[in-house]
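Student: I would like to learn how to read a few features of a model. Please give the general idea each time and then the case at hand.

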Amino acid sequence: MGITSLPSSIVTSLMPPEVMKQNREDVIAKEIGHGRVLTLNRPDHLNSISEKMVLMLGQKFEKYEKDENVEFVIVKGAGRTFSAGGELKRLYDGRNTRDSCLEFGYRLYWFCYQLQTYKKPHIVLAHGMSMGGGVGLMAPMKFSVVTERTFCSIPEANLGYHPDCGLSYILPRLPGRLGEYLGLTGANLKGKEVVAAGLATHFVPSQKLFQLEKSLLSINNGEEDTIRSVIDEFSTNVQIDERSVLSK
């Protein structure tokens, strides 16, 4: 499988969420073996996507794609949320400065394009809330892992807007008319429902998430089959409750 033992120095770099909060960078970047870990680090703002955050993400992804020593990239969120999506306050505050809002939107949409066309495996550990643009970051990843505490929604239509961040491409490609339903209603999908809907690839119980990350960072190559086999060791089968909207 191509896995080596994880040095103790690496274990210390897998900081718990409460430690992440003390670092004020919007994105915390870690270089661990052949992997790179990017942590969305605005837990007090539900990891909403700021202009600074999306700029840092775009720069890091571009750098890692060109770096021959990097085999894969992991993205996760600090605290109890993956991402609540784009920072609406930023857009509202900049409503009278058109160029400023355009720059933020351009950077965000360009990063979404990067995700859709990325040449190396990328993995998201989407634990907790993922809304709007957060789903737009999660869904295009080659491997997207959710837990029982994950819930997703696409509420833009309820705010007088429309699904963006690549979701206007992703939603119509979901089974049946599910994408239309999610986009128009902003309905929540929880845990295993996210996988069954096609917005994530794996369901992993939250208590196994830390060990999964450690195992991924022990991989000495970026082959998709190797990454998939590691995640499969921790994932469980998805069975939808009969009360779920997906069962109707």
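Student: Is lysine 190 buried or exposed?

Tutor: Buried means under 20% relative accessible area, exposed over 50%, and partly exposed in between, with a 1.4 Å probe and protein chains only. Lysine 190 has a relative accessible area of 56%, so the residue is exposed. This is a predicted model: local features need pLDDT of at least 70, side-chain atom pairs count only at pLDDT 80 or more, and totals for chains, interfaces and linings use all residues. Residues are numbered from 1 along each chain as its sequence is written, and side-chain values use heavy atoms, with hydrogens and water left out.

Student: Where does lysine 190 lie, and which residues does lysine 190 touch, leaving out those up to four places away in sequence?

Tutor: Helices (H or I, at least four residues) and strands (E, at least two) are DSSP runs, numbered from the N terminus. Lysine 190 belongs to strand 9. Contact means heavy atoms within 4.5 Å. With residues up to four places away not counted, lysine 190 touches Thr150 and Phe151. The C-alpha atoms of lysine 190 and methionine 129 are separated by 9.4 Å, and the two residues are 61 apart along the chain.

Student: How many helices and strands are in the chain?

Tutor: The chain has 11 helices and 10 strands. Of its 248 residues, 51% count as buried. Among contacts between residues at least 6 apart in sequence, 70% join residues at least 24 apart.

Student: Which residues of helix 8 are buried?

Tutor: An α-helix has 3.6 residues a turn, so residues three or four places apart point the same way. In helix 8 (residues 178–185), the buried residues are Leu178, Gly179, Leu182 and Gly183. They cover an arc of only 125° around the axis, which puts them on the same side of helix 8; the arc is that of the directions from the helix axis to the C-beta atoms. Strand 9 (189–190) and helix 9 (192–197) are included in what covers them.

Student: What is the phi of glycine 186, which follows helix 8?

Tutor: Glycine 186 has a positive phi, near 70°.

Student: Which value does phi take at leucine 46, and at cysteine 165?

Tutor: Most residues other than glycine have a negative phi. Leucine 46 has a positive phi, near 55°, and lies in the loop between strand 2 (35–40) and helix 3 (51–66). Its relative accessible area of 38% makes leucine 46 partly exposed. Cysteine 165 also has a positive phi, of about 55°. Cysteine 165 lies in the loop between strand 8 (151–153) and helix 7 (167–170) and counts as buried, at 4% relative accessibility.

Student: At what angle do the axes of helix 10 and helix 11 cross?

Tutor: Axes are lines fitted to C-alpha atoms, for helices over the stretch in contact, and angles run from 0 to 180 degrees between N-to-C directions. The axes of helix 10 (residues 209–216) and helix 11 (residues 224–234) come within 10 Å and cross at roughly 160°. The two helices are therefore roughly antiparallel, a term for angles over 145 degrees. Gln211, Leu212, Ser215 and Leu216 of helix 10 make the contact with Ile227, Val230, Ile231 and Phe234 of helix 11.

Student: How many residues of helix 10 are buried?

Tutor: Six of the eight are buried, so helix 10 is largely enclosed by the rest of the structure. The buried residues are Leu209, Leu212, Glu213, Lys214, Ser215 and Leu216.

Note on methods. Parallel < 35°, antiparallel > 145°, perpendicular 65-115°, else oblique.
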